[in-house]
Amino acid sequence: MIGRRTEPQAAPHAHDGSASPAPAPSARQSHGSGLPAAAGQLDTLDSLLAALGSARCAVYSWDLRSDRMTWSPNAEALFGPQAMARMATGTGFLAISGAADAGSSHHGFKTQTGEPGSSDGTSYVSALRLSLSADGDVDWAIDQGRWFAGADGRPAVATGTVHILARQVGAMSGNTFDPLTGAPTRRHLSATLASLPQTEDARWAVMLLGLDDLGRINDRFGFEAADRVLVALAEHLRQQMKPGDLLVRFSGNKFAIVLMQVDDTGLVATGEALIESIRRTLLPIGDGQIPVSATIGAITAPTSPTHPDKIIARLQQAHELAKRRGRGRFFLDGRTDRDDVRRRINVQMADEIIQAIEHDQIAAAFQPVVHAGDRSLAFCEALARIAPDRQGHRYSGYRLVAAAEALGLMGSLDRRVLEKVVAAMEQDPGLNVSINVSATSVSDDAWMRQFQRLVTPEIGQRLILELTETIAVDHLPAARQFILKVRKAGCRIAMDDFGAGATSFRNLRKLDVDLVKIDGSFVRNMMQSEDDQTFVKALLMLARQLGIQTVAEWVQNETVAELLRDWGCDYLQGSLSGLARPLPEPQAS
């Protein structure tokens, strides 16, 4: 769970050029205030000042009307005598801190008003770029405190702290830290992931937090303001983390957080609480503050040895899935190693589909649809297949279509199948075929242009176009326009998988369909389910009354076939009458 961070950071390089960072105190030396105890309890002024110095923090009081600033005694050792001479006034302090307007506009002091005599004051926080040395080096710091109003309601005095942010280099080889936020970089994240256990008992996790709309902040307020926001966000994250957890600057607007001991429930609670705490926090942009939001993707530890690059890739995918849900959302990718295997298979299949479309290797297999009475061939349904068969097997039509839909390739697949089917019908004047048209293609001008170019009236009289129930329910106006256009070529329209969705017979009449294909899930279980028998029998009766022909899918045995025939079903399709097969190659004359 999120708690206030109590483990201080390692100190950065000293300004006198010393290369040795001060060692970070252990968690045992920390107290709830976040400041390390130098020795004993913080019950004397010396011990308090020592603690402030160890944390690289100084306290000030600022008389906003006279512009005079008073600093805690440890400030000169922290900032240096030259800087302290300038920081005796607020104007000098703001000049050193890189404020655009070195005056009373800092934190909105110039424009805000408050309640006179209030002991609560008004809080503020700002990220500062401190220029403390003559060599041009810059340290980032967090300035936060409260201002109090005078009798006229205007800001009169402010008290606060300046905390120079530590560069987390103490335990890192190669100084792999981000100079802006002081956090370790992605290089250190890879090393950390490689060192963590990857077993069934591992309880660590990683979150990837992305600041939403950083580009907008850059455009509206400038790059320096965006830097201030990132620095303040990094400090906010440190304050929310548990001792031992690791904050990493992952990329431009992203931070990774490694949680060393957390279960799934705690991970979700931590991520959601972190998003909420950021949403309620105003971050500084210089003279003012802005609200921000963050989106988090998270993963749990792998249960078997996994390369850090693969862990990071999975983490990035989790963040992408979180972004698809909307700004300010949390998503936990709870995939197991078995899921990753399935995903690799899907990726391989996706590559097969893309290659097949690009190299004209999409083929059509034809499944017979027979008359229920004499079992003579009525027409064939064309199903997409990948050919030639690279791996010695063929993907099922269902898997092929599902993968194409997930990849956004249904439009390309539909157009290629239409092209193959029309070519086969031109070769065989006696061939009658039905093809499936996806929701994508119903509204696709490219598909319609190809249809109008390829399908002549002679071909159209032998072609049936199958639309799914989903199209009828979710895309009814588009479906009606589509049907009006294709009927001009003489095509018939079939409603596929009828009964599995929410289409009513009223919609069938609106669409003026010629055939209804009863979903195979009802037909397959007819002999085991009286409810399915009643449902199928009612569908057949209603379709007959409306003058709509019917096709029963997934017919697998004679008993079911005879029942369907007796109930008035027109056509049968399934393993009983034949599976999908490629057409035989035409004989040479």
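Colleague: Which residues of strand β18 (residues 515-518) point one way, and which the other?

Modeller: Leu515 and Lys517 point one way from β18, Val516 and Ile518 point the other way, and all are buried. Buried means under 20% relative accessible area, exposed over 50%, and partly exposed in between, with a 1.4 Å probe and protein chains only. In a regular strand the side chains alternate between the two faces of the sheet. Do keep in mind that this is a predicted model, where local features need pLDDT of at least 70, side-chain atom pairs count only at pLDDT 80 or more, and totals for chains, interfaces and linings use all residues. Residues are numbered from 1 along each chain as its sequence is written, and side-chain values use heavy atoms, with hydrogens and water left out.

Colleague: What makes β18 a partner of strand β17 (residues 492-498)?

Modeller: Strands are DSSP runs of E with at least two residues, helices are runs of H or I with at least four, and both are numbered from the N terminus. Two strands pair if DSSP finds at least two bridges between them. Here 3 bridges join β17 to β18, so the two count as paired, and they run parallel. Met495 stands opposite Val516 in β18.

Colleague: How many bridges link β18 and strand β19 (residues 549-552)?

Modeller: There are 4, again in the parallel sense, and Leu515 stands opposite Gln549 in β19.

Colleague: Why is Asp512 called partly exposed?

Modeller: Its relative accessible area is 46%, which lies between the 20% and 50% limits, so Asp512 is partly exposed. Asp512 lies in the loop between α18 (505-511) and β18, and has a positive phi of about 60 degrees although it is not a glycine.
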